[in-house]
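Welcome! Take a moment to look over the sequence and the model, and then we can walk through a few places together.

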Amino acid sequence: MNLLAFIISIGITTVLGWLIVGVVQGATTVLSRGERLAWGMTLGPTVGMFAVFLCHISGITRLNFTGFLVPQCAVIIILGAIAWKQGTLRQARTITAIARESHPRWMTLGIGLLCAWTALKLVAGAYDIISVPTYWDDSFNNWNMRGKMFFVTQELRLEIPAGNGVTIAAQSVSSYPPMLPLMKTFLATIRGQWIDSLSNGIHLVWLAGLLSVLYLTLRRSFDPLLSSLGVYALVSLPLVLIHGTNPYADIFVAAHVLIAASALLGLRRTQQKNERASWTRLLFVSIGVLALTKNEGLLIHASLLLITSVIFGVRLTSTEERKAVIVGLGMFLALLLPWLSFKWMHGLTFGNASSVSNASLAFNATVVRAIWFHLSREPNWLLLPLALPLTLVVAGKKFWRLPEAALAIFVLADIAVQFGLFTFVQSLATEAINQTGLSRGLLQIAPVAVLVCAIALWSTLAPQPQLKAQQAQP
Amino acid sequence: MRPARLLSFAIIALAVCLPHSSYAMTTRALDFARGQINVDWTGQGDISMQQANDGVLLRSGNGTGMLLTTLGADFHPESGVIRVASEAPQSFSFLWTMMNDASPTAFTVPFEVMTGEADKAFSLHGKPEWRVGQKKIGILLPPWTTLMLKNIELRQNNRIEQLFYALSSFWIFDELRPYSINFVWGPQIGWNAAERSHLYDVLPPVYQSGTLLMYQVLIALIAVFIIYGRWRRTPRTTILQRIGILLVGTWIIFDLRMGGEFLSWVWHDHTTYIAASHSDRQFRDRDAFYDFAAFAAPFVADRESYVFFAEYPWPYLGNMRYLTYPSIPGIDYMNDDTWVIYRRPDMAVNAAGQMTIDGEPVSPAGTVLGRFDDDSFIFRVTK
C-alpha cells in the first residue's frame, strides 16, 4: 500500500513537472528526454504543491484528497492542452549527448568500481531512511511535523502547538515555504494514513533527481564514463550522502539550484536564438520554483542566479529572446508574488526560522575561525575546498572565457555571500560557530561546485568535445 | 635519477639512518601485587596504603592523597594503562611533576571508574607538560576515595608503532550522533593504543585531525611535484596529470574512509534496530524511546493534551509531540488526566494511587493504564 501510494503521488507530480518543462521549453527542444524527465520529477512536486497551496489559501479547497488531486489534475489538463497545441507532448527532437569514447581499460574498470561503491552507499542509505523512525530535530520539529499537522487538520496552519496552551509562532519554522511538507501531506493523503517511512522516502526522489540532473548535465559535455565520475564525486561528499538519505530539506533545495544552474549553462553555451529563448524561459521558471523551496533558496541562491543570469546570460538582441524574457519573467513573478504576498500578509520572516530584518551587523572573528575549522579540519566536503580553487587556478584565463565561467562566478559569489552573512550578521554567527547552519547553504550549492570543478578539470586535462544536436526524422 | 628510484633511495636511506631507538619498543610495568612491588613508592598527603594479595588498597581521608615514585629521565613513555578496582563509582588521577622545575607543578590525567575492575588507558603524547626529564609519577586520590591499585603499565612506542597506530586510527569510525547531520569529525589520528581507543570519547576530539594532516601532506606533495617538475623542465600537462592523479587517489582513499563510516552507521541501525527483535531493539542514542512512544500513543489518542515527563526534555518532548500529534504533550497536570512517564525512576504511583515525584504526591488518585518498563508507564487520574 505504501509503495502504491508512493507511485501514485510521484507519478502525478512527475507528469505535472514533465508537462511544465515541456511547455516552458516550447517548440525548440533543448533538453534531452532524460533531462526533461529528471527536471519534471524534481520540479513537479514543488509546482504541484504550489498549485495546491494557491487553491487552499484562496479558500477553494481543504488539504484533503480532493484538495490535492483537483488542483494538480487541473494543471495537468491545462498544461496538457497547451502542450498538445504546441506539439510538445511528444519530444520531436533528440539532443544527442557525447558519444561513448574509448578509455584505457584500467580507467573503465576503476570508474566502474567507484560507481558500484556509490551504488552500495546509496542503496544502504535508502534502506536506512525507509526503515528507521524520524530521528533529526529539523524533521520532527519542522518538515515532518508540519506535514503531519496539515494532514491531520487538513489546513495550512502556521502555528504549531507546543503544549500548555503555548504555540510555536508562525514566524518560526512556518516561515519556510510549505511545499516540502505539503508533499509529505499529499503522500499521507493518498495513503490514508501518516506513515513515517512513506513521508521520509520522498527525499530519495529528490536525491535521484539531483544525481540524474547532474549526470545528464555532464553528458552534454562528456561521455558516460566521465559523467558517472562526476556523480561519484558528488555522492562521495559525506554531507551530500547523509542529507540525501535523511529527511532534511537541503538536497531538495540543492536539486532546484542545480536545475537553474544547468539552465544558465545551457543558455550560455548556445548562440541560436530559438534555443536561447527556450533556455531563457526554463531559467526564469526554475529560479522561480527555487524561490519556493526554502528562505535561502529565495534570498541567496535565486537572487544570485538572477543577477548572474542578467549579467552573463540573458540577452535582448532578438525578438525571440525579448519575448522569452518577458514570458519567463512573467512566469517567475507568477510563482514568486503569491508566496511573497502570503509571507507579507502573515508576517512571516526570511531568515533561518528567525528574522534577519532587524539583525545587527558586526565583524565576528570567531566565525572566520569556525569557517576555517569547518573547511580544513572536517571532511564534510572531502577535498572539494582544495580541489575547487585549485582547478579554477589551473584552468587559467582560458576557463574564464568559457560559458561555464558564469557558473563558477555564481558559486564563488554564493559562498562569499553566505560567509559574509555568517561573519557580519550577529544573529547568524551562532549557526557558524556551533557548526549547525553553516553547512546547509554550502550543501545547497555543492552540486553546482562539483559540476564546475568537473568541467574545469576535465576541460583542462582533456580536449572538450563539441555538443552535437541531431534532428530526428519526423 | 627517475623520481621512483629517488623516492626508493630516500626511504632506504631514512630507514638505515634512523637511530636504533626507533625500532625498540619499551614497556615498564609497575606491579602492586603482594611480593611484586618493584619500585619504591611514597605516600603524601592524606592517604593510607594497605597491601592486599593482588594490589594495594589506597584510601584518602578528608584531604587529597598521593602515591608517588621516581621515573628516570632515560625512560620517556607516551602512554600507559592503569588497572584499578573499586566498590563504588570513584574518580582519581594519574599525576606527575618535573623534578628539575624550580617550583614543581602537579599535572594530572583524570579518570572516572565504576564498580568493579577497570583498565584505564591514557596518552601523554603531545602534552607539553610531559617533557623528557626526571619526574615523579603516581596516583592522586580526591578526598574520601578508596581504590585498589593493581598495576600501572607505561609504554614507549617506537616510530614504526606510532606510524602503525596513526594509520590504523585513520580507519576508526565515529558513531552517528545528533551533530552528524551538520558536520562530521572525520578521521582522527592517534599515535598510540590509548589515543586510538579514545578518539571520539571527548568532543570536540582532542587528537590530530586526519583531514588537516591529509591537506598538509597533499599541499606539500603538490609543491614537490611542481618544483621538481619545473627543475626537470617537465611539460605542464604532465605535471598537472601527476597532481590530478594524486588528488584523485587521495580523494578515493578519503571517500573509502568516509563511505565506510556511513555504511557502519547503516549496519549499526540494521543490527541494533531494524533486524533486531522488538524486545531487544535500541535505536541509536534513543534506546527504546520509539517503541515506548508507539506503546503510549493509543492511550493519548483521544486526548487533546497529556502530561509528559521524560529523563530529559530534549529530544523527547519535540519528538513525542510529533509522534502523538494531534495529542500534545505538556505539563498541565491541573487539567490533563493522562500522564506519560518515560524513564523517570523518581516518579512512581504510591499506595494511595497518586503520582509521586521523589515520594511527594503530585496528582489525585488514578490507575496505571500500562507499563512499558520499570520507569516508564502510563497513568490516568480517576475522575
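In this report, contact means heavy atoms within 4.5 Å.

## Reading the model

This is a predicted model, in which local features need pLDDT of at least 70 and side-chain atom pairs count only at pLDDT 80 or more, while totals for chains, interfaces and linings use all residues. Residues are numbered from 1 along each chain as its sequence is written, chains are lettered from A and ligands numbered from 1 in the order in which they are written, and side-chain values use heavy atoms, with hydrogens and water left out.

## The nonpolar cores

A nonpolar core is a set of buried Ala, Val, Leu, Ile, Met, Phe, Trp, Tyr and Cys residues joined through side-chain atoms within 4.5 Å. Buried means under 20% relative accessible area, exposed over 50%, and partly exposed in between (1.4 Å probe, protein chains only). The largest core here has 198 residues, and Leu237(A) and Phe308(B) have the most contacts inside it. Its largest share, 15 residues, comes from helix H18 (residues 438-461) of chain A. Apart from it lies another core of 29 residues, including Leu30(B) and Ile139(B).

What does Phe308(B) touch, not counting residues up to four places away in sequence? Its partners include Phe289(B), Phe292(B), Tyr316(B), Met320(B) and Tyr342(B).

## Helices of chain A

Helices are DSSP runs (H or I, at least four residues), numbered from the N terminus. Leu438(A) is found in helix H18 and is buried, at 1% relative accessibility. Beyond four places in sequence, Leu438(A) touches residues including Ala370(A), His374(A) and Phe422(A). The C-alpha atoms of Leu438(A) and Thr118(A) are separated by 26 Å, although these residues are 320 apart along the chain.

Helix H10 (residues 250-269) is largely enclosed by the rest of the structure, because 18 of its 20 residues are buried.

Is Asn182(B) buried or exposed? With a relative accessible area of 9%, Asn182(B) is buried. Asn182(B) sits in the loop between helix H2 (159-169) and strand S10 (188-189) of chain B; strands are DSSP runs (E) of at least two residues. Leaving aside neighbours within four places in sequence, Asn182(B) is in contact with Leu239(A), His374(A), Gln435(A), Thr436(A), Ser439(A) and Arg440(A).

## An exposed residue

On helix H12 (residues 295-312) of chain A you will find Ile311(A). Ile311(A) is exposed, with a relative accessible area of 57%.
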